[in-house]
Amino acid sequence: MTRVSPLPHHDEQQLATGGGALSMANIIDRSVGFICRAVILLTGLALLVLLTANVVARYVMESGGFRFSQELPERLFPWFIMAGVALAVQKGGHMAVESLLARLSSSGARVLLLVGFVIIIASYAILGWEALGVADIVSIETSPVLGLSSSYSYYALALGCLAVILTTFALGLRVWKLGPEAMPTPDPEETGI
């Protein structure tokens with residue numbers, strides 16, 4: 001099965017057949033991709049600076065480092081991870097068993113993929129909704145030094161679910177208009193094969 005990149009550069013004929021749906025998918029992918037890359041960059045840099053500064057502080061300060069150095073990574077790491085999860089969906093980087101998909105006709109594969117996308121969107125909608133409920137419950141818990149609410153990590157999960165939903169919807173639009181060939185294929189160096 002021939003596949004194209006997650007953000008395909010369609011010629012004018014393909015855009016004419018896909019119309020506004022492909023334009024919408026491209027806008028969704030660019031927006032989600034930009035936001036997720038920014039989150040990964042900012043949280044990754046913050047984690048790097050914080051942990052490096054704490055290692056240096058352990059040797060320089062009598063207190064043995066910064067007291068808040070454990071709290072901030074606990075709040076930042078979920079944002080880092082969920083942004084990466086959404087980018088992996090966009091690039092086709094999640095595990096998948098495609099033995100059945102390869103045996104189906106193009107129209108059968110399209111239907112199977114679209115049904116799978118509906119299940120993924122529904123599952124992540126439920127997970128995101130539940131994450132918001134848990135965030136509300138744990139909002140009274142705060143970290144001992146900085147007083148940060150424990151709900152921030154659950155908000156990361158909820159927003160990450162939204163990013164996965166939007167990315168899956170964009171993939172669904174592409175598959176609906178172009179067929180299963182529109183599914184992204186990860187770079188060979190990222191697959192572990």
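The structure is a predicted model, in which local features need pLDDT of at least 70 and side-chain atom pairs count only at pLDDT 80 or more, while totals for chains, interfaces and linings use all residues. Residues are numbered from 1 along each chain as its sequence is written, and side-chain values use heavy atoms, with hydrogens and water left out.

Helix α5 (residues 151-178) has 28 residues and reaches 40 Å from its first C-alpha to its last, close to the 40 Å expected at 1.5 Å a residue (1.5 Å times one less than the number of residues). Helices are DSSP runs of H or I of at least four residues, numbered from the N terminus. Just after α5, Gly179 takes a positive phi of about 100 degrees.

Helix α4 (residues 106-138) packs with α5 at an angle of about 165 degrees, the axes being 8 Å apart. Axes are lines fitted to C-alpha atoms over the stretch in contact, and angles run from 0 to 180 degrees between N-to-C directions. The two helices α4 and α5 are therefore roughly antiparallel (over 145 degrees). Their contact comprises 25 nonpolar, four polar and two charged residues; Ala, Val, Leu, Ile, Met, Phe, Trp, Tyr, Cys and Pro count as nonpolar, Asp, Glu, Lys and Arg as charged, and the others, Gly among them, as polar.

Between α2 and α5 the angle is about 10 degrees and the axes are 9 Å apart. These helices, α2 and α5, are therefore roughly parallel (under 35 degrees). The contact of α2 with α5 divides into 15 nonpolar, five polar and two charged residues.

The second largest pocket is lined by 14 residues, of which Ile35, Cys36, Leu159, Gly160 and Ala163 lie nearest its centre. A pocket is an open set of points on a 1 Å grid over the protein atoms alone, where a 1.4 Å probe fits, with protein on both sides within 12 Å along at least five of seven lines; lining residues have an atom within 4 Å of a point. Helices α1 (12-60), α2 (71-91) and α5 each give two or more residues to this lining, and the largest share, six residues, comes from α5. The lining residues are 13 nonpolar, one polar and no charged.

Notes. Parallel < 35°, antiparallel > 145°, perpendicular 65-115°, else oblique.
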